[in-house]
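Trainee: I have a model open and would like to learn how to read it. Where do we begin?

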Number of protein chains: 4
Amino acid sequence: MKKSMIEKLGEECGVFGIYAPEKKDSISTISYLGLLALQHRGQESAGICVNDSGNLKNHKAMGLVSNVFNEEILNKLQGEMAIGHVRYSTSGSSMLTNAQPLLINCNKGYLSLAHNGNLINAAELRQNLESHGSIFHSTLDTEVIAHLVARSFEDNLIDALTQTLHQLKGGYSIVAMTRDNLVAARDPFGLRPLVLGRMETGYVIASETCAFDIIGAEFIREIEPGELIVIDRDGIKSHHYSSNKPYRFCVFEFIYFARPDSNIGGQNVHLARREMGRQMAREIKVEADIVVPVPDSGKSAAMGFAEESGIPYTKGILRNRYVGRTFIQPTQEIRDLKVRIKLSPIKEVIKGKRVILVDDSIVRGTTSRQIINRVREAGAKEVHIAISSPPVINPCYYGIDISNCQELIARQMDLEGICEHIGADSLNYLSIKGLLKSIKAVDYGFCTACFSGEYPVGSELVNKGVK
Amino acid sequence: MKKSMIEKLGEECGVFGIYAPEKKDSISTISYLGLLALQHRGQESAGICVNDSGNLKNHKAMGLVSNVFNEEILNKLQGEMAIGHVRYSTSGSSMLTNAQPLLINCNKGYLSLAHNGNLINAAELRQNLESHGSIFHSTLDTEVIAHLVARSFEDNLIDALTQTLHQLKGGYSIVAMTRDNLVAARDPFGLRPLVLGRMETGYVIASETCAFDIIGAEFIREIEPGELIVIDRDGIKSHHYSSNKPYRFCVFEFIYFARPDSNIGGQNVHLARREMGRQMAREIKVEADIVVPVPDSGKSAAMGFAEESGIPYTKGILRNRYVGRTFIQPTQEIRDLKVRIKLSPIKEVIKGKRVILVDDSIVRGTTSRQIINRVREAGAKEVHIAISSPPVINPCYYGIDISNCQELIARQMDLEGICEHIGADSLNYLSIKGLLKSIKAVDYGFCTACFSGEYPVGSELVNKGVK
Amino acid sequence: MKKSMIEKLGEECGVFGIYAPEKKDSISTISYLGLLALQHRGQESAGICVNDSGNLKNHKAMGLVSNVFNEEILNKLQGEMAIGHVRYSTSGSSMLTNAQPLLINCNKGYLSLAHNGNLINAAELRQNLESHGSIFHSTLDTEVIAHLVARSFEDNLIDALTQTLHQLKGGYSIVAMTRDNLVAARDPFGLRPLVLGRMETGYVIASETCAFDIIGAEFIREIEPGELIVIDRDGIKSHHYSSNKPYRFCVFEFIYFARPDSNIGGQNVHLARREMGRQMAREIKVEADIVVPVPDSGKSAAMGFAEESGIPYTKGILRNRYVGRTFIQPTQEIRDLKVRIKLSPIKEVIKGKRVILVDDSIVRGTTSRQIINRVREAGAKEVHIAISSPPVINPCYYGIDISNCQELIARQMDLEGICEHIGADSLNYLSIKGLLKSIKAVDYGFCTACFSGEYPVGSELVNKGVK
Amino acid sequence: MKKSMIEKLGEECGVFGIYAPEKKDSISTISYLGLLALQHRGQESAGICVNDSGNLKNHKAMGLVSNVFNEEILNKLQGEMAIGHVRYSTSGSSMLTNAQPLLINCNKGYLSLAHNGNLINAAELRQNLESHGSIFHSTLDTEVIAHLVARSFEDNLIDALTQTLHQLKGGYSIVAMTRDNLVAARDPFGLRPLVLGRMETGYVIASETCAFDIIGAEFIREIEPGELIVIDRDGIKSHHYSSNKPYRFCVFEFIYFARPDSNIGGQNVHLARREMGRQMAREIKVEADIVVPVPDSGKSAAMGFAEESGIPYTKGILRNRYVGRTFIQPTQEIRDLKVRIKLSPIKEVIKGKRVILVDDSIVRGTTSRQIINRVREAGAKEVHIAISSPPVINPCYYGIDISNCQELIARQMDLEGICEHIGADSLNYLSIKGLLKSIKAVDYGFCTACFSGEYPVGSELVNKGVK
C-alpha cells in the first residue's frame, strides 16, 4: 500500500469498469466499492461515470473515494454500466480538471474515458492536434486520446478508438464507455495491469483482482497485451489490435504497488513479496537479533526474511492509523516530522537489539535516514537495512512517478555512500535475478527498466530527453 | 487501535494539556501533535483551547484531529498554555455541543475543561443543579462539573474545583485551565489513565505516554489516584483531595484501548499484549497450521501466541487502510459489508490451512462471525479462535461504551453457544488470572468489573439501574 | 427600509410568533414569510424555533432570512407553533451565539425566547445572576431573561416569566414559547412595537403589521404596554403585569424603522412620512427647481414635500439594487466608495438644477456629505437638504443602535456648522412639534429622548454612564 | 432594472474590459466595480479574467458579483488588462461550465472571451465544427467563436478573430483578451450595446455607460456597428470588418434592460422612459385619481405619465428589498407567492381610488394579473393599466430570452382578451410610433422585431424554425 505522507514511488491510477444491466440501482455502489479496493493506487481524486440508457452522467472530485461519494450522490448515479477511476498525481497537475473519468461529447457521440499509465508520445500527439485547431482543457494523456477519437475518420466510436490505440506509445490500461458499450484495452507490452471478471449477471474490469473480491466477482482472465475488448448486450468481443509482443509487465507492481491480496498472472502478490524476503535472506548474511518491518510496505518481505534467516520477526515500529493527510507543507524539516507522526518505534522492543529493518525500496533516502535515526533513538544497538528490490537508478516513462530522476539516491552514490548517508550499519538490496526468481507469474515477462535501463518501448524518444 | 467501522468497545476520550510560556507560537501545534497521537481514543470530535495571556480561545469541531485543524487555525491559537481533547461518542450524543474542551465564563472567571471517563452520579448532580436554576447546554458530564464549580462558595477556581471533585463519583481524568493555571486530576481509584511529562521548557499532561514521544517530551510520572496538580509560573503543586484507595486501573486499557507504544505503570502495552498471547498458548491447546491475527488489534497477542506455541505467525488477513468512515448506515446487512470492505483474507495463504485467529475481545459476536465466515470462504480447513481477554459479561460505568449490555454475547450464551454462533471450530478466552499475570505494571491494581462484576465504586448506584 | 451599506441608525430586531395547530406542515414556511417581511429590522442573523408536540427544534444562522433557510430546512421544521427572529447587531457582538431565538432547557421545561429592544438594567441583573453561579453563553439580554426564569421560585413557566418581567427595565417586545404555550409581552411604556393578528385557524404575533399582509393574516390589535398574553388550545389570555403607564412609543419607528406599508396605532407609516414632508414644506422656505429623495428612505417625505411646496418631485438618484453586502472594509476611503456603489445621480436630470434633497435623518454626516458631493459633481447648481426629523443629539437606551453618541454630528455642531460640514447650500430639520403633529396614531404617546433628552424610564441609570 | 423573481424578459449578459498597465494592483477591483454596475444585465454567474504579463487567470462562479468575488480573490487577480462578464440565463443552461469569460489555450495562444447577445447560426457552425473533430464543453455561443478561432488558418489571434466574425450571424457584443491585446467588437447592426471610455491611464469597454460612472471613467464614444477595436501598448486601433449597415439597436434596451442612469446614443435612458410615459398620456385617455408605478421598472414612465396627464404620481406599491433569490420553485402557485413576497400595496393609499398602474411590458400576463388582484384587494375602486411599450408578439433571435413565444399573451389574445385575462378595467399599450418618437438617440435606428416582426438579419434562418 502506498504511504501518502512518506516519499515513495507513485503510480498514476486505478481503473474500474462494470457492465451489468440488471444492477441498475446498485451499479454506482458496486463501482464505489471497487474503487475503495483500488484506493491504494491513487488518492488525489476519484470519479464514477454511469450510463443510464445511453445518458452518461459523471461525478468526480478531489479527495479519497469515501470523501468524493456519499449515499445521496451514489443514489443519483444509476445505469446499466459504469466506469471509475482513482488518480494519483504529482503536485503540479493536482487539480479537478485532471480528475477522471473524462467525459466528452464529440461528433461520434458521448465517450467516457479512464486511464492508468503514461504515453511517451503524448506531447507530440498533442502538439499535432493543437496545430490543427483542437482545444485542450487539461494536461491529461486521456484528453489526447479523446481528441484522436474525435478526429478519426472512422464513424464508429469503437473503430475510432481502435485506430487511436495504434497511434499511442507507452504503457496504458484503458476503460472506456460509449452510449452502447463498455470497452477495455491494454498496451501491446502489458506494462500496466488489467483484469476481467464475472458477476452473477454481468462483467467487471479492474486494475487488480482485489477489486473483484470486495464485490463478490469471479476472476476470468487478464486482458492480454495489445487486446481491446468490447462488452455489450451481445457479450464480450475481443480484438487484438497489436501484433504479439513479449510481455513486459511492470515489476514494481509486484514489489510495491499492487495490493498483497491481488493475484497477477496467477501469482499472489503477498506470497511473491514473502519470497523476495526469503531470497534476500539467501543472498545476504547479517547477524542480528530481530527482523523489523517498516510498516506497512516492508511486512511481507520481512516475514519471508525472518522465516529463511531464523531471526525472529518482531513488531518494533507502530504506524499511526489516524494521520491521514496532514496539512503541513513538505519542507525538509517537515519530512522529519512526518516520519515522527507516522511511525513510532516501540522502545521496549528495540532497546539494546541488533535490528534488521526491511523495506521495499529506497527513493531519495530521506525517509530511510529518518526511520533509522528514530530506531537508533529508541535504543537499537545496530541498525541494518534490507531492501526487497534492486537499486532504482532510471526514470520510468510508463506511469511510475519518479518526478526527478536526479533525486534518486542510487543514481548519485554507490552502495557504501548510501549506507553512510542513511546512517545504517549495513545496507543490502535484492538482486534483479533474485527478484525475478521470486515471482512465479505464469507466461509473464517483466519491465525492469528502472533498475536495468532496458526500456521495452520508445527508447528512441526516451533517449532524447532526460526527465 | 480502535476500528471505527467494526463493532468494538469504545472509550470516551483522550485528554492533553501543556504549560509552556516560552512556546507561545507553537503551543497549538504541539497540542495538535499530542492529540494526533491520542486519536485512537476518540474520532468523533476534537478541540484545543489556548490561554493567551489570560484570554482563552477555543476551537473544536466534529471529525478527526487532522480535519478539525489546519495551519491557519493553529496559527491563530497562540498562548502560554493549552488543553486539548479527542472524543469518542455513541451516536445519540454525537453533536458539536458535546465536543470538548468546554469553555465557560463564570463568576470565578474563565474555566476550560476536558474530561475522559464517566461519572456515576452525573444524572443526580445535574437534576439537583437544574432544580436550583442552572441551565444546561449539553449532555456532558463535563458541564455538570462546570456548574458545580460556578455554584461553589469557594471564591478561588482551584478551591472550587477541588470542592467539586469531592462530589463526583466514577472514573475520570480531567485537564482544566483557568486564566492562570493548568490543572490535572485523576479519580480516587485511578480508573482512567493520566500521565505527567516534561518538555525542555514546560510541562505536559496526557492520557498516554505515546503523546509525549511525538512531541519529544519526557515522562515524569503518573498522576496518582485522587491527586490534583496545579501548574503555573511557580511550578507544579500537588494536592491529594482523596484518601488513599487501592489502585483500580481499567484493565481494558491494556487489552485494547491504549496504544501499543504507550507505557502504563512502567509496562509497555505491546509487550503486555504479547505476553497475554503467550499466556493463552500456555492455557489452551489447539492443533493448527498457522496463527493469523485479526488486524490490527490482534497482532501483538498473535505474535506471543505464535512464539509460545511454535505455530507460525502468518499475515493472512489484509486491512484496507483507505476506508475511513464510509457513509453506510449500520444495519445488519451493512455490518457484513463493513467487514468485507475493511478486511480481506489472502486466499493463497489460508487455503487448506487449519487457522488460529487471534483477536482481543468479542462483544456481540457479529464481527467475529463475519470474519470467520470470510476466512472459511478463503478456503481454511479449520478456524479456531483465541481471544486475549476473558468474556465480557457486565456493563462498565466508568467510561467504556457498552451501550446495551443485553447485546453482550457472553451474557447470553455459554462458551459452546458462542462458538457455534460465530461458526468457529473452537473458541478459547484468556483467563482473568492469566490476564492479570501478563501485566507487569508496578504498584497497579485493576478494575475487572466487566469480566468479574466487582465494581470498585458506586455499586449501590450500579445495582439500581441496568444500563 | 434600512440601508445596510450606508450609515444609518440601526434597530435591534424583529420578532414573529404563530400558534396554528392545524398548519403543522406549513408553520415554518409561514414564519419564514413573516420574517422576510420583517427583514428590514435586522439582517445579521435569522432563526425559527418550532414546537412539534412539545418537542422544540431551533434553526438559526448568520445571514439574511433567504440565506439561512431553504426548502429542505423548512420541511424539517414542523409544529403546532413557532417563534422567529431577525437580528440587527453592531459588529462587536455579531456572532452565532448571539443569534435568536434562544432555546433553553431549564428546571421548568423547555423555553424559547426572542426579543426586540434593550434592557437598561441587563448588566446589573447579569452580575447578580453570575455571582449566584449562573453561567452565561452569550451577551444577549435574552439570556438574562432566561436565567431569571430558571431561578424563579414559581414552578410554572408562565408565572416565572411574569415574575421575571417585573425585574426588567427598558424597552422590549418579547415572543416566547414553552411546550404548551405561545407567549408575547411588551414593556410597560410600549417603547417597541408588537401586534396581534388572526389567521383562518390560529393567531400570529409580529413586530409590524406588514408581516400579516404577506401571510394573509388579519390585524386584531396591538399588544398593550405592560401586557403579557398567553396563547394555547384554550385561546388567548391577557395579563397586565404592569400598572398603567403613559404610552411612550419610539417615534423613530415612524421616521425610519418601520416599513411604509405597516400601520401603527391605526396610522399608516408611509402616510405619516408623507405628512412629515408636507409639514417640512410648511415650516421651511427654500427656492428650488426639483425635489429629489435620497433613496429609499427619503421618498415618502419627499413626495409630501413636493405636494405641499409645488416643486416637482423628481427621480434624480438611482439606487443599485444588486450591491448587497460587499466585502469592503469600513475605512474612511471606503465609505465614499460605498455611496458611489450604492447611489448614482442621473446627470441629465440634475444638471443646472437647484435641488432639494430629502432624507429622513443625519447621523454622522459623512454619508450626507458624500451624497451632496456626488449631486454637485452631476451638475446641480444648488443643493439644499431637508431632513424629516429633528436633530439626533442623545443616545438611545431602548434598542436603537447609536454606538457612540460622540459621533452624532448634531451633538458636535450647530445647524450652520453641519450645513458647512456636509457642503449644503442650506439645511433644515423638521421640528419636534411638527413631527408629532404629523403622526395620527390613536391614543399614542411618544418617546423623543434622542431629540429631547426626556427619557421615560431609567433616567437614574442613564445618568450614571454615557454610552 | 431586472426583477429576478417576477417574470420579465431577460437579456443574456453584460461585458466589461479594461486596459490599464499602470493599475496592475487594482485592475480586478475596478473590473469588479464595473460588473457591479452591470449586475442588472445578468445575475446567474460572474467572472473576471486578468492578464498578468501574458499569464491569463480566470475566476468565475455562479451567483451575484458580490458573492463570486471577495477581497482575497481580487487581490490574487492582478494584471495589466482584464475582461469581465455577468450572465443571465434560462434555467436549462444555468451551470458553471456556461459561466464566462471563457479562457482557452489554442494553437494561436491564450484567448479569453466574453460575449453578450445571440448568434442565429450557432447551431449550424457548431455542427460543422464537431463533424471535423472539435470537442465542445459547454453550450455557449462563445465556445463556437473559440473553436472558429482555433481552426482559422490565420496565424495571428487578431486576424483569426476578425476572420471568425465574418462567419457569425446575429446580435453580439464581444470583449476578448490575448496575451498582448484587449479586443472589443460589435455586430454589423449594432444590435447589442457596447461603449468605449477613458480612465486617467488606460481604456475601458462596457455594455453601458453606468459602468464608467462608478469607476470614474469618461465616455469617449460607442463601438460602431461592424467595428473591431484592438487596444495595446500602442493605443487603440479600429477595424471595420463589416460594410456599413443601418443601425438596428435593440429598442428594448431603452424600454427595460438598460440602467436609467446610462446614456445610449447621447440619450439618457431614464429621460427616454419618462418621455414614453408622457407620450402614453397623450395617446390614451383614462379618468383616474392616482398614477401608481409597478416598482421598479414602471417608475420613470409613471412619472412622465403623471406630469403629462396631471393625475398625481403616488407611491402605492412597496417593493421588498431583502427578498433576493428565494428557493421556492416556479410553479403556478408560487408565482402568486412571489408577487406577494416582492410587492406590497399600501392599502391606506389605494383604498377607494381609481388607480392607473404603469409598467414597462407584459409578457405572459401572469404577474400583471396578480398585481392587479393585490391592488384590488387593497381596496382600489378601479384598476387601469398602462404599458410603456407595444405588445410583444414575436420571438427575439438576438439575445433577449423569450423562451417560448407561444407563452406571449399578446400572441394569443387581442387587447380586450388580455384586459379581461389580467382583470384590468382598461389596458393601453404605447404605440410603436410613439415609442420611437420618445427616444432621441442620435444617428440611431432600432430593431423592433419583437413588436413588428421586421428582423434585420437572418430572417431566412428565422423563418425555418419557430422558437
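**Reading a cysteine site and a chain contact**

Mentor: Begin with one residue and its element. This is a predicted model. In chain A, strand β25 (residues 446-447) holds C447(A).

Trainee: Is C447(A) buried or exposed?

Mentor: Count neighbours. A residue is buried if 20 or more other C-beta atoms lie within 10 Å of its own. C447(A) has 25 within 10 Å, so C447(A) is buried.

Trainee: Which residues does C447(A) touch, leaving out those up to four places away in sequence?

Mentor: L191(A), R248(A), F249(A), C250(A), V251(A) and P456(A).

Trainee: Where is C250(A) found?

Mentor: In strand β15 (residues 249-250) of chain A. C250(A) has 27 C-beta neighbours inside 10 Å, so this residue is buried. Beyond four places in sequence, C250(A) touches L191(A), R192(A), Y398(A) and C447(A).

Trainee: Which residues does UniProt place under "binding site"?

Mentor: An unreviewed UniProt entry gives C250(A), C396(A), C447(A) and C450(A). They span 201 residues in sequence, but no two of their C-alpha atoms are more than 10.0 Å apart, so they gather at one spot.

Trainee: Now the chain contact. How many residues of chain A are in contact with chain B?

Mentor: 39 residues of chain A, against 39 residues of chain B. Next, ask which helices contribute. On the chain A side, α1 (27-37), α7 (210-215), α9 (269-283), α10 (299-309), α11 (332-342) and α12 (347-350) each supply at least two residues.

Trainee: How do the residues on that side of chain A divide?

Mentor: Into 17 nonpolar, 12 polar and 10 charged.

Note on methods:
Residues are numbered from 1 along each chain as its sequence is written. Chains are lettered from A and ligands numbered from 1 in the order in which they are written. This is a predicted model: local features need pLDDT of at least 70, side-chain atom pairs count only at pLDDT 80 or more; totals for chains, interfaces and linings use all residues. Two residues are in contact if their C-beta atoms, placed from the backbone, lie within 7 Å. Helices (H or I, at least four residues) and strands (E, at least two) are DSSP runs, numbered from the N terminus. Ala, Val, Leu, Ile, Met, Phe, Trp, Tyr, Cys and Pro count as nonpolar, Asp, Glu, Lys and Arg as charged, and the others, Gly among them, as polar. UniProt positions are given in the numbering used here, feature names are shortened, and annotations may be inferred rather than shown by experiment. A residue is buried if 20 or more other C-beta atoms lie within 10 Å of its own, exposed if 12 or fewer, and partly exposed in between; C-beta atoms are placed from the backbone.
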